[in-house]
Each structure stands twice: as C-alpha cells, then as structure tokens.
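Keep the sequence and the coordinates side by side.

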There are 2 protein chains.
Amino acid sequence: MGVNDDVSDIIEHHDEEEMEKKCARSQAASSVTPSDSRGEGHGAGTHSGTHSGTQSSHRLLAYSDALISIIATVMILPVAHTKVEDNEELRESVRLLLTTKIGVYLMTFMIVTMAWAAHIKLFQVIVRIDDCLALLNLACMMLITFLPYTFSLMAAFPENILGILLFCACVMVMGCIQCVIVLYAFSRPFLLNEQIQISENQTFYKHHILKVIMRVPLMCFIASIFSVIFFQLSYVLLAIVIFLPYISQSLKWCRNKAMGQVEETPDSMLFYTYLPNEPLSKERVEAFSDGVYAIVATLLILDICEDNVPDPSVVEKQFGGSLIAALSAYGPEYLAYFGSFATVGLLWFVHHSLFLHVTKTTRFMGLLNTFSLAFVGGLPLAYQLTHEFPPYSRNELEAIQISCVIIFFAGIFQLAIWVVALYNERETLHPYVRYGGSEHVFMLAKLALYPCVALGTFFLTCILSRFSAPIFHLMEITVPFAFLVLRLLVRVGMALLRLLFCPERPDPRSIIEVEDDEARVPFNALVT
Amino acid sequence: MGVNDDVSDIIEHHDEEEMEKKCARSQAASSVTPSDSRGEGHGAGTHSGTHSGTQSSHRLLAYSDALISIIATVMILPVAHTKVEDNEELRESVRLLLTTKIGVYLMTFMIVTMAWAAHIKLFQVIVRIDDCLALLNLACMMLITFLPYTFSLMAAFPENILGILLFCACVMVMGCIQCVIVLYAFSRPFLLNEQIQISENQTFYKHHILKVIMRVPLMCFIASIFSVIFFQLSYVLLAIVIFLPYISQSLKWCRNKAMGQVEETPDSMLFYTYLPNEPLSKERVEAFSDGVYAIVATLLILDICEDNVPDPSVVEKQFGGSLIAALSAYGPEYLAYFGSFATVGLLWFVHHSLFLHVTKTTRFMGLLNTFSLAFVGGLPLAYQLTHEFPPYSRNELEAIQISCVIIFFAGIFQLAIWVVALYNERETLHPYVRYGGSEHVFMLAKLALYPCVALGTFFLTCILSRFSAPIFHLMEITVPFAFLVLRLLVRVGMALLRLLFCPERPDPRSIIEVEDDEARVPFNALVT
C-alpha cells in the first residue's frame with residue numbers, strides 16, 4: 001500500500017500544481033468578451049472598460065489552423081492524381097514521382113508548417129484581437145495559401161526566376177503584415193500577453209520580436225536580388241532561411257558540448273527564442289493535426305464522388321444496364337477508401353490518446369508531429385496504389401510494401417513524440433503515463449501497435465510474397481479490433497510477464513486499479 | 001445618466017447570471033482527464049477514481065466537425081468542374097447545372113448537416129468518452145462520409161434501386177452504431193451529462209433517446225423494402241424522414257394556433273425534442289462553420305495548384321520560353337481565387353463577429369446558419385464563372401449577377417440569424433448587441449454590409465450593364481476597406497442622424513463610450 005499512497009500523493013500534488021497553473025493562465029488570458037468562457041468570471045469585475053472591440057482570439061486561430069492544414073496537404077493531390085501505367089514498372093514511375101511531385105509535397109508541407117509555427121509564436125504574444133487584427137490576419141492567410149503554387153512553379157521551372165520572385169514577394173508582404181500586426185498590438189497593450197503587459201521593458205520585447213520577424217523577409221529580399229544576378233545562390237539563401245533556426249540551434253548545441261554549458265537564456269527572451277523546448281500552444285498543435293487528419297481521411301472520397309459515378313449511357317452500353325456490374329469495376333477504389341479512412345482514423349485516435357496525456361508541447365515535439373503528419377498525408381496515395389495493379393504482380397507487392405513503410409514512419413514519429421516527452425516527463429506528461437504511472441504500459445502498447453504491425457506485415461510480404469494482398473487486407477481488418485481489445489491484451493500480457501519473472505511480488509498497478517474500481521462505486525451510488 | 005446606470009445594471013446583472021450559468025455548466029461538464037481545463041479543478045477532489053480511460057470529448061467532436069464539414073461541401077466540386085462552353089448560352093448550361101449537380105450539392109449539404117445535428121444531440125447527452133466510444137464514433141464518421149456518394153448515384157440513376165438501397169444501408173448501420181453508443185454510455189453513467197446522471201428516471205431517458213434514434217433507420221428499412229416493390233414510394237418515405245422534425249413541428253404549431261396553447265413540454269423531455277428553440281452546442285456550430293468556410297476558401301487554390309502549372313514543353317513551344325506570358329493566360333483564375341478567398345474570408349469575419357455576441361444557439365439559428373453556409377459553398381463556382389467569359393458578353397453579365405445573388409443570400413441568412421436571436425434576446429444575445437446596447441448599431445452595419453453591397457452591385461449592373469465587370473471588381477476591392485473603417489463610418493452616420501433628428505438630446509451611447517474610455521485608462525495605467 002506504501003507505493004500506492006506515494007503514487008496518489010504525486011498525482012494529487014501534480015493536480016494541485018496544474019490547477020494553480022491553470023488559474024494563472026486563465027487569469028492571464030482573461031478577456032472580457034462574452035465568448036471567452038474562462039475570462040468572463042474574472043474579467044467582468046476588473047476591466048469591464050476594455051471590452052469595446054476586443055475579442056478572444058480562440059476562433060480566429062482555429063480558422064487559421066483549418067486553412068493552413070488544408071494548404072499543407074494540398075500538394076499531395078497532384079501526386080495522387082498521377083496515373084501510374086500498368087505496363088511500366090512501378091519502380092520507374094515511383095522514381096519519377098519521388099524526384100518531383102513528392103519533393104514538392106514535402107517541401108510545401110515543411111514551408112507551410114514553418115509559417116504556421118511563426119503564426120503560433122505571434123499569437124502567443126498577442127492573446128486578444130480586434131476587428132482590425134482579424135482582417136490583417138485574413139490577408140496573411142491569403143498569402144500563405146498562395147505559397148504552394150509558387151513552390152510548384154519553382155519545381156516545374158527551376159531555371160526561371162519568376163517562381164522564386166513570386167515566393168519572395170509573398171514572404172516579404174507577409175513579413176510586412178506581421179510587423180504591422182505587432183506594431184498595432186503594442187500600441188494597444190491590452191491585446192498583449194499578460195506577461196508582456198506587466199513587464200517594464202515592453203519596447204525591448206517589441207524590438208526583439210520585430211527583429212526576429214524581419215529576418216526572414218530580409219533574407220528573401222536579398223535572395224530576390226541575387227536571383228537576377230545568379231539564381232543558384234538565391235536557392236541556397238532560401239534553404240538557409242528555412243533551416244536557420246535548426247542550424248543556429250545545432251551550432252549552439254555543438255558549442256555547448258565543446259566548451260561547456262553557457263548561461264541560460266535570460267527570462268526576458270521568453271518569446272521568439274528558437275530553443276527546442278520552447279513551448280508551442282498544445283491547443284493549436286491539436287487543431288492543426290485534426291485538420292490534416294480530416295483532409296487526408298476524406299481525400300479519396302472527394303475523388304470517388306467526382307469521378308466514380310458512371311455515365312448512364314456507358315452503363316447501358318457496356319454493362320447491359322446493370323449498375324452493380326458497372327460499379328463493381330470501381331471495387332478497388334472503395335476498398336482503398338475504406339482502408340485509408342480506417343488507417344488515418346486510427347492514427348488520429350492514437351494521436352488523440354497521446355495528446356490527452358501531454359500537458360505541454362515543445363517545439364521539438366511539434367517538429368516530430370509535423371514529420372508524422374507528412375507521412376500520414378502520403379497514405380491515401382499508397383492505399384490507392386495497392387489496389388491499382390493486377391493481383392500477384394510485382395507492382396502490387398511493391399505498392400503494399402510502400403504502404404507499410406509509410407504507416408511505419410507515421411507511427412514511429414508518433415512514438416518518438418512520446419519518447420521525447422518522457423525525457424522531460426515532469427513538465428510535459430501527465431502522471432498517469434509517466435514511468436510507473438497506471439497508463440504507462442497501455443500508452444506504449446497503443447503507440448507501438450501500428451509500427452509493429454506495419455513492420456510485421458512488411459517482413460511477412462517479403463517472405464510470403466505470393467500472399468501479400470491477403471496479408472495486407474487481413475492487417476487492415478484486424479487492427480481496428482486490436483485497438484478495441486488492446487486494454488485487455490495489455491493486462492493479459494502484463495499478468496503473463498509478472499507470472500514469468502516475479503511471481504511472488506504483487507504488482508502495485510493492479511492494486512491501484514482495484515482501488516480505482518472501489519472508488520468508483522461510491523461515486524456512482526452517490527449519483528444514482 | 002439614468003439610462004446609462006440602467007444599462008450597466010443590466011450588463012452587470014447579466015454577467016452575474018452568466019457567471020453562475022458558466023459555473024453550473026463547467027461543473028456539469030467536469031471530467032477528470034488532464035485535457036479538460038475546466039473540469040480539473042472541480043473534478044480532482046470529487047471523482048478521482050473514475051479517471052481510468054474516460055476522456056473529455058472536446059477533441060473527438062472537433063475532429064468529427066472537421067470531417068463532416070468537408071463532406072458537406074464536397075459535392076460542390078463536380079459542379080465547379082463542369083466546363084461551361086463559351087459559345088452556348090450561359091442560361092442554358094445553368095439550367096442544366098441547376099437541375100442535377102446543384103440539386104445534388106444542396107441535398108447532400110442538407111442530409112449531411114442533418115446527420116451532424118443528430119451527432120450534436122447525441123454528444124450533448126454523452127459528455128465524456130472512452131476509447132471504445134471514440135472507435136465507434138470513427139466508424140459512424142466513415143459511413144457519413146460515404147453518404148454523398150450514394151446520393152450522387154441516386155441522382156444519376158433515379159430509377160435504379162441500388163443507390164437507395166446503399167443509402168438506406170448506410171443510415172441503418174449508422175443507426176445501429178448510435179444505439180450501441182447510447183447503450184454503452186448508459187451502462188457507464190459517468191460518461192453521461194450530469195443532468196441525466198443525477199436524474200431518477202435514467203431508464204426513461206434511455207428509452208426516449210433510443211426511440212428517437214431508431215425512428216430514422218426504421219423508416220429507411222421500410223423504404224428499402226418498398227424500393228423493391230414500388231421505388232417511387234421509397235423516395236417519398238425518405239423525403240418524409242428528412243423533413244419529419246420540421247413537419248411535426250409545423251403541425252404542432254398550427255394546432256396550437258387553432259386550438260390554443262397546449263401545455264409545454266415537460267422537463268423530462270429536455271433532450272431530443274425537436275423544438276426550434278432547443279439548444280445546439282455553440283462551440284460545435286462554430287467549429288462546423290469554420291470547417292466549411294476554410295474548405296470553401298481554399299477550393300480554388302486546390303484546382304490552381306493542380307491544373308495551372310504549365311508544362312515546360314508547352315511554354316517553350318507556344319510562348320517562346322516566356323513563363324510570364326504563359327501564366328498571364330491563367331490571370332482570370334488568380335483573380336477568381338483572390339476574389340473568392342476575400343469574400344469567403346470576410347463572410348467568415350462577419351459570422352465570427354456575430355457568434356462572439358451570441359450566448360446560446362438554438363436549432364432554428366442552426367438551420368439558418370446551414371442555409372447561409374450552403375450559399376457560401378457556391379461562391380467559388382460563381383467567382384470562377386465571372387472570369388471565364390469574354391469581356392462585355394451577356395454570359396459575363398449573368399455570371400456577375402449570379403455571384404451577387406449568392407453573396408446576397410449568404411449575407412441575408414447571417415442577418416436572419418441575428419434577427420431570430422433578437423426575438424429572444426435576453427437568452428440568446430450578449431447585452432452589448434441587444435436593442436440599446438453599445439454595439440447594436442455596429443453589429444447591424446456589419447451584418448448588413450454584404451447584402452446591401454451585393455444588392456447595390458446587382459442593380460448597378462442591371463442599369464450600367466456595359467460596365468458590369470469594372471463595377472464588380474470595384475466592389476471586391478472596396479469591401480475589405482469598408483470593413484476596416486466600418487466603426488468610423490457607423491459613428492459618423494449616427495452623429496449625422498442625431499444632428500438631423502434630435503440635436504439637443506445627448507446620446508446615451510456616446511456617454512457609455514466616453515465612460516468606457518475613461519475606465520480603460522486606469523486599467524492601462526495599473527498595468528504599465
């Protein structure tokens with residue numbers, strides 16, 4: 001029972017800590033608009049004068065997240081719509097795809113998520129908006145949605161400077177709008193984060209933020225000038241712009257390792273640092289991920305709705321008026337849709353379970369999340385490929401193996417988020433899923449299920465290449481049920497392990513669970 | 001000063017009321033998961049035993065909203081991708097579109113939003129989820145995303161029963177899953193709404209909800225049986241299913257008018273009534289609207305990214321290697337994109353401003369919102385049409401007029417939401433925007449701007465048909481700036497009106513605003 005007491009002590013202590021934090025945060029975020037459910041209570045009494053026109057930024061950010069997540073995944077469409085011919089080898093066409101369209105997709109995803117990260121930073125400083133800021137933000141969004149197009153122009157015409165000029169123009173205008181937003185917000189301090197609002201060196205903050213924001217448009221300005229003289233250099237400059245924070249961070253890390261720890265960033269640099277443990281708004285990471293998962297899950301049905309309704313005259317002529325015969329030709333498309341929807345949905349489910357227990361999201365976790373989402377975006381394409389080739393062909397086998405690889409990487413990056421969170425578990429994770437927490441093993445099982453299954457399927461299809469399609473379909477069907485009974489499986493597995501290795505010591509976890517069940521009874525009895 | 005005191009009294013009183021309501025609601029929704037920011041404080045002490053596996057349903061609902069909003073708008077794609085030929089009359093092709101594809105789009109939008117409303121009802125009863133419910137909900141979502149396809153099959157082959165059978169099968173399976181969800185949730189009462197959890201007749205609630213849910217699948221079952229015998233009847237049955245709540249409501253309303261008021265619905269029927277003032281979760285109406293606005297705003301850029309990157313060989317041959325010349329052929333597409341993005345963005349902005357001041361959403365307001373969104377979905381198509389025809393042609397004029405009509409209806413339904421909210425303003429609106437509130441006139445101006453401008457443009461193009469395109473473009477450019485200076489315009493207008501009609505009486509509103517400004521100063525002084 002001693003262990004149990006300790007654990008619940010920790011939990012309670014943590015709960016109290018959290019509660020205090022939440023209170024502090026909700027006071028910091030308190031605004032006096034009717035929509036802000038937390039702020040109303042606190043705010044009504046104290047600053048009822050500032051309401052006029054100020055609003056909670058919550059919905060503006062949700063809308064921005066929705067827009068950006070759509071735009072990040074849009075470049076997968078040209079990849080998915082590339083027709084892969086039956087007679088040529090898949091390997092060849094995949095190589096063709098890899099070099100151009102997939103490259104464009106990945107780079108777009110990267111650039112758009114960088115813009116999104118900058119947007120998060122900006123609106124961690126500005127926590128309330130008014131009409132003017134909302135309109136400026138919409139203008140910014142319009143430019144972000146245009147970025148993928150400039151990027152595909154660059155990919156199609158690498159030697160023409162128009163693409164690079166358009167891209168630079170977009171980034172520069174966006175930088176200017178962001179500066180206007182910052183200047184506007186600092187001229188009305190009640191729009192700002194409480195921390196900056198009460199700090200004495202607001203001007204210092206303003207200059208620091210403006211400096212960080214202007215860095216990127218300035219580099220783009222230089223790049224656009226160089227593009228006239230020597231266009232290869234401007235690509236190098238743009239690449240530096242994109243990876244600048246990572247380069248500077250890794251340089252700093254190397255220097256720290258070589259020369260010993262230098263002093264920490266002072267408190268005044270709390271915002272717009274590029275430290276890997278800089279907090280990212282968890283709410284926005286979730287909203288962005290939801291958007292990407294939703295778009296990816298429906299990508300195939302969009303195509304099906306548009307293309308797979310047969311023409312009545314064709315049905316009459318080719319299939320003798322039998323609609324079922326005509327539709328059965330589309331069978332593989334439906335299978336691909338249901339398969340990809342289920343996989344994307346379950347990956348969302350794992351993501352959801354993970355982020356339920358994450359209490360703080362850092363920049364590095366956000367980066368891993370982006371990688372995971374980039375692979376998720378490729379899933380519909382992979383599923384479509386698996387059903388496009390004749391059964392038992394070499395192409396089919398390769399398409400199935402590509403699907404497994406994509407699922408594996410999407411899952412492994414989710415697992416990596418958890419591993420990174422565990423490194424700093426006191427700050428980033430809820431006690432239930434920390435080492436020794438009651439949900440720790442279950443969460444590990446949930447996160448490891450897809451990578452393990454994908455790896456297993458991959459090797460099975462290598463060995464039993466004749467049965468690759470049945471193996472793959474079996475995997476598709478069993479995984480959802482595996483998730484349903486996972487809690488049971490984990491308990492059985494743990495019990496077996498305990499029996500094998502230490503049969504006499506009672507497991508602290510099972511005691512906690514029994515206690516939980518007991519604790520639940522009085523509550524329910526009280527309720528009914 | 002008496003008026004002013006009264007107003008602030010009302011405001012304060014309302015704030016207190018709201019605060020109490022909020023507290024009650026947050027206690028009702030209190031869950032013990034780490035993610036639920038409101039519940040943690042209250043929940044930690046009381047039911048710390050129930051945590052195991054239960055989760056706040058917030059993110060699941062956000063993801064469902066994202067999926068459903070994408071699916072609701074997807075059937076606009078076949079409409080948008082219909083090629084309108086230059087030589088034939090637009091009137092003819094529009095008639096062709098109207099009869100089939102637009103009909104399918106509108107019906108899909110309606111049916112999917114009905115499914116979404118049912119989903120809201122269900123998760124207003126079930127406020128916490130666990131893994132099992134999350135997986136069941138995903139299965140439900142998969143079936144909803146398949147509905148548009150069955151519907152387009154029905155439209156393409158009205159005499160073939162396959163479409164209707166597929167549709168009925170989807171709805172029946174969905175009904176069964178929802179029943180399983182309800183039974184599962186009632187077997188674990190801590191998942192339920194606090195109100196049901198503490199009520200004595202849980203079994204009554206369960207049966208009532210199951211009865212309402214099973215009504216639709218049962219009707220579909222009958223329809224699918226009739227489809228074998230006499231398929232026209234099954235369409236009638238399905239139409240009845242869809243409009244059942246509205247039919248029964250209007251019948252009840254007529255009876256009330258004819259025979260006098262019958263007694264009110266008892267308290268026990270709080271959920272799953274179909275009264276027009278039944279509350280809809282405001283959060284979910286916002287999330288769904290955000291999803292639709294985001295998809296619609298990016299529909300054109302999706303096409304542009306995929307189709308409007310010219311082939312290098314074509315540029316070399318036809319345009320002598322000049323990329324600018326090749327891209328200028330796509331000029332109208334870019335214009336259409338920026339125009340539709342700006343219009344959709346500004347309509348979102350108006351929607352956002354309106355819902356900031358709405359405190360409770362009713363079923364009827366949700367219906368009006370759906371109508372507004374259905375028109376918003378048609379906007380990109382209309383904008384694309386305006387730029388597809390040769391200048392000064394009859395087709396161009398008609399395309400511009402159609403755009404104006406769509407904008408007008410999208411805006412007028414937003415205005416209607418406000419008017420409906422004003423009828424019951426004490427319950428549904430924040431004091432600032434009620435009659436006499438400080439923001440009332442400003443909100444009216446915001447909501448009326450787009451309908452007025454669209455109407456004005458429509459009549460101007462009728463009179464000056466030669467200049468229709470310049471008028472339309474001028475409208476596109478001026479409206480964003482009009483929104484920026486709207487507050488100023490409204491103040492000037494009010495001042496003018498006051499001068500004209502009652503020059504001696506000081507306006508109570510201006511006093512409030514001056515007071516506001518005064519009240520703001522000490523707060524800022526206190527802060528800095």
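Start in chain B. Tyr105(B) and Phe109(B) both sit in helix H5 (residues 90–125) of chain B, four residues apart, about one turn of the helix. Helices here are DSSP runs of H or I with at least four residues, strands are E runs of at least two, and both are numbered from the N terminus. This is a predicted model, in which local features need pLDDT of at least 70, side-chain atom pairs count only at pLDDT 80 or more, and totals for chains, interfaces and linings use all residues. Residues are numbered from 1 along each chain as its sequence is written, chains are lettered from A and ligands numbered from 1 in the order in which they are written, and side-chain values use heavy atoms, with hydrogens and water left out.

Tyr105(B) has 2% relative accessibility and so counts as buried. Phe109(B) is buried too, at 1% relative accessible area. Buried means under 20% relative accessible area, exposed over 50%, and partly exposed in between, with a 1.4 Å probe and protein chains only.

The two rings form an edge-to-face aromatic pair, 5.9 Å centre to centre, with 65° between the planes. Rings of Phe, Tyr and Trp (its six-membered ring) pair if their centres lie within 6.5 Å; planes under 30 degrees apart count as stacked, over 60 as edge-to-face, and the rest as tilted. Over all chains, the structure holds 42 aromatic pairs. One of them is tilted: Tyr383(A) and Phe472(A), at 5.5 Å centre to centre and 50° between the planes. Tyr383(A) belongs to helix H15 (residues 363–386) of chain A and Phe472(A) to helix H19 (residues 468–484) of chain A, so this pair ties together parts 89 residues apart in sequence. Both residues are buried.

Aromatic rings also link the chains. Phe146(A), Tyr149(A), Tyr334(B), Tyr337(B), Phe338(B) and Phe341(B) form one aromatic cluster.

Which residues of H6(A) meet H11(B)? They are Thr145(A), Phe146(A), Pro148(A) and Tyr149(A), and they face Thr298(B), Ile301(B), Ile304(B) and Cys305(B). Contact means heavy atoms within 4.5 Å. H6(A) and helix H11 (residues 282–307) of chain B pack at about 10°, with axes 9 Å apart. Axes are lines fitted to C-alpha atoms, for helices over the stretch in contact, and angles run from 0 to 180 degrees between N-to-C directions. H6(A) and H11(B) are therefore roughly parallel. Angles under 35 degrees count as roughly parallel, over 145 as roughly antiparallel, 65 to 115 as roughly perpendicular, and the rest as oblique. By class, this contact has six nonpolar, two polar and no charged residues. Ala, Val, Leu, Ile, Met, Phe, Trp, Tyr, Cys and Pro count as nonpolar, Asp, Glu, Lys and Arg as charged, and the others, Gly among them, as polar.

Now the core. The largest nonpolar core has 287 residues, and those with the most contacts inside it are Ile126(A), Phe483(A) and Phe483(B). Helix H6 (residues 131–156) of chain A gives the largest share, 16 residues. Such a core is a set of buried Ala, Val, Leu, Ile, Met, Phe, Trp, Tyr and Cys residues joined through side-chain atoms within 4.5 Å. Not counting residues up to four places away in sequence, Ile126(A) touches Leu133(A), Ile181(A), Ala185(A), Leu191(A) and Leu192(A).
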